[in-house]
Amino acid sequence: MIEIKMPRLSDTMEEGAIASWHKHPGDRIEIGDVLVEIETDKATMDYEAYEAGTLSQILVDEGATVTIGTPIAVLDNGKDTPAPAAPATAVAPAPPVVVAPAPAATVALTHATTSRAPLPHHSGSDGLFASPLVRRLARDHDLDLSHVRGSGPGGRIIRADLDGLLSEPAAPVVTRHVARPVVATGPIVDEKKASQEVPVTKTRRIIARRLSDSAQSIPHFYVTAVADAETLMAMRADLNTLADAQGDPKISVNDLIIRAVALALREHPDVNASYVGDESAVMLVHNRVNIGVAVASQHGLVVPVIMDADAKTVAELGVEAKALANQANGKGLSLEQMSGGTFTISNLGMFGVEEFTAIINPPEGAILAVGTTSREPVVVGDDVVAHYRVRFTLSADHRIIDGALAAQFLRTLTALIEHPWRIVAAQ
Amino acid sequence: MTMKTYRQALHDTLRAEMLRDENVFLMGEEIGVFEGSYKITAGLLAEFGDQRVKDTPIAEEGFTGAAIGAAMLGLRPVVEIMTINFSLLALDQIVNHAAKIYGMFGGQAKVPLVIRTPGGGGQQLGATHSQNIELYYAFVPGMKVVAPSTPADAKALLLAAIRDDDPVLFLENLALYNTKGDVPDDDTPAEIGRAKVSREGHDLTLIGYSRMAYIAKNVADALAESEGLDIEVIDLMSLRPLDRDTLIASVKKTHAAVVLEDDWLTYGIGAEIAASISDGAFDYLDAPVRRVAMAEVPMPYSKVLESAAMPTNDDVITAIFQTLEAVGRRLKKVGQSHD
């Protein structure tokens with residue numbers, strides 16, 4: 001018998017909901033079969049069987065949410081060693097295991113291996129066999145040890161096995177989310193207001209929590225700039241005439257802005273950065289420019305990430321952004337597609353919004369809120385003429401970004417938008 | 001600084017303290033006319049006379065008891081017990097009187113007594129004369145037990161012991177008497193209860209006292225040269241009080257420890273050290289604390305068997321390598337002895 005537990009499918013996941021069971025008690029399970037669909041804070045993911053057998057019991061029904069590690073099903077693998085919830089083997093010493101001399105870092109961080117349960121020979125109250133130092137580091141850095149392979153005696157996880165995990169710069173390993181209990185507020189339907197109860201989806205709950213955390217814990221400040229987009233609009237019209245003629249997809253203002261932002265971030269890498277935590281002696285400055293683009297999908301607010309946006313052409317960015325937005329509205333985005341962002345752009349220009357401010361998407365250091373590109377009166381020489389203008393507001397984490405740096409970044413961005421051929425021409 | 005032997009450092013310190021304080025006097029078997037079995041008291045009878053250097057009968061319980069009485073009345077006796085094995089005869093005087101008088105009688109009398117005595121095997125003296133039983137005294141509240149491993153520490157700790165108002169068992173070691181080292185010329189006493197980091201490092205904490213602190217330092221230095229290892233060595237210096245803070249701080253840095261002792265493993269001082277580390281640095285340990293100690297036998301007389309029973313440099317190196325391998329260091333095996 002094997003207990004299948006709620007896996008940790010993302011860095012920030014604390015609990016997961018059973019979206020749907022693909023197998024039912026009595027079903028034969030082969031390795032790799034999709035057992036269950038699990039809804040996490042970021043995505044809905046298939047969870048595959050890591051061992052063959054017969055599904056004997058489902059412990060958590062569809063729609064229910066449980067914390068990581070909670071048993072969700074029991075798989076009968078033909079071995080009658082019971083796997084009760086109480087750790088019967090907790091005090092049994094691990095049998096000796098021959099450990100091949102492996103390189104020190106044998107950490108597997110891929111999501112494929114995430115779905116593998118702890119190796120059976122790792123005994124211990126939580127199924128893990130790790131040194132006290134490793135256990136402390138895992139607590140302090142919110143690490144999941146279940147997919148770390150131990151290279152110490154008997155398969156013990158030792159400090160050296162955490163090298164990859166602790167030095168992984170992109171993974172926000174030091175962020176530690178304190179689980180907030182859902183507070184029952186009692187009956188809240190107000191007859192006077194004719195209120196009705198609408199269920200808060202898991203995605204909405206996650207959005208609520210993450211944005212509350214961000215707004216409460218990050219000292220935001222806001223810097224707004226305006227750019228003359230007359231040349232940019234003319235250039236875009238010109239490019240789209242050519243694209244039309246060749247049957248290529250059209251380029252949007254947003255595609256040009258993504259590219260301009262990516263170039264500006266390359267010039268000001270300190271904006272492309274993350275504050276790690278008050279206990280950390282370092283902040284992280286990211287070498288890759290991965291831009292998240294906020295999408296108001298029908299499933300809620302999601303932020304797909306365009307990796308290495310500074311290395312892609314405007315046309316490539318346009319195709320990728322459109323595909324991601326379509327997918328967000330359709331079958332939904334994968335966790336992979338929503339991970340690794342270093343900066344976010346939120347564009348409400350298509351709704352005619354002149355300007356607005358956005359809340360930082362942690363652990364990123366800043367977010368850019370882009371308004372509409374519209375014609376307005378501009379003084380050119382002694383004349384008032386109509387020009388396209390666009391306003392954008394940078395929300396920055398003041399712990400790592402100062403006003404002057406934000407202003408320099410916006411000056412670079414403004415210059416790019418006002419001289420748009422550089423957006424297209426820059427390598 | 002003056003280069004001298006451990007033996008000379010002890011002799012010079014005794015003499016200096018006798019010159020400094022007329023209440024300091026010596027008692028023991030063969031310390032006067034014969035000038036001591038290990039010649040620590042050479043020349044002192046001639047210099048200070050038989051009121052200050054007292055040859056005693058072969059009666060440990062008697063002369064230790066007499067020294068306790070003298071200490072209660074304000075003198076500062078320094079008793080030499082020829083080897084720690086013979087202190088068993090004075091066990092009742094030390095444990096039930098010296099250690100308890102101050103506390104049991106409301107502090108009416110202090111017992112500023114020093115018992116100097118060497119431990120150690122390896123001299124083919126047989127099972128009854130080759131023991132390391134300082135643990136018996138370190139076990140007892142009311143006692144202080146110090147154990148220097150270098151000539152400089154021998155001086156500093158003997159100064160501290162003589163000037164301390166509590167009974168102090170001052171552990172010497174037969175194998176250390178001829179070791180040499182720089183000794184400061186000033187007379188600054190050590191702080192009893194303070195361990196010494198005799199070598200700083202990051203890879204592992206190697207802990208010892210007396211002869212094993214000496215071996216620890218030598219092995220760590222040798223492994224630094226041959227293997228590039230960066231081992232931190234702690235010389236306990238004092239077994240009671242025990243400086244747990246220094247041990248814990250070191251293990252918090254290195255995440256691994258090996259404890260060396262010349263006595264038997266079971267119920268030994270190493271067990272106390274390991275438990276203290278587990279208490280204070282559990283969350284910092286990346287491997288179990290390992291102990292190196294003597295074989296669990298009465299010391300054999302045969303030279304071959306005696307050598308086999310005592311912990312050697314190779315035993316220490318093996319324990320270090322096993323511990324480092326347990327924390328993921330890949331090391332080539334050292335075959336040759338570093339003796």
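Residues are numbered from 1 along each chain as its sequence is written, and chains are lettered from A and ligands numbered from 1 in the order in which they are written. As the model is predicted, local features need pLDDT of at least 70 and side-chain atom pairs count only at pLDDT 80 or more, while totals for chains, interfaces and linings use all residues.

Chain B contains 12 helices and 14 strands, taken as DSSP runs numbered from the N terminus (helices: H or I, at least four residues; strands: E, at least two). Of its 339 residues, 51% are buried, a residue being buried if 20 or more other C-beta atoms, placed from the backbone, lie within 10 Å of its own. Contacts are assigned where the C-beta atoms of two residues, placed from the backbone, lie within 7 Å. Among contacts in chain B between residues at least 6 apart in sequence, 77% join residues at least 24 apart.

Nonpolar cores were defined as sets of buried Ala, Val, Leu, Ile, Met, Phe, Trp, Tyr and Cys residues joined through C-beta atoms within 7 Å. The largest has 119 residues, and B:V146, B:L157, B:F170, B:L206, B:L260 and B:I320 have the most contacts inside it. Helix 8 (residues 211-227) of chain B gives the most to this core, with 8 residues. Another core, of 73 residues, lies apart from it and includes A:I4, A:I218, A:I306 and A:A309.

In chain A, 4 strands form an open antiparallel sheet in the order 1-8-6-3, strands being paired if DSSP finds at least two bridges between them. Strand 1 (2-5) and strand 3 (28-29) of chain A each have a single partner strand, so one side of each is left without a neighbour in the sheet. Strand 1 of chain A is joined to strand 8 (residues 71-76) of chain A by 4 bridges; A:I2 has A:L75 as its bridge partner.

Between the chains, 13 residues of chain A are in contact with 11 residues of chain B.

Conventions:
A residue is buried if 20 or more other C-beta atoms lie within 10 Å of its own, exposed if 12 or fewer, and partly exposed in between; C-beta atoms are placed from the backbone.
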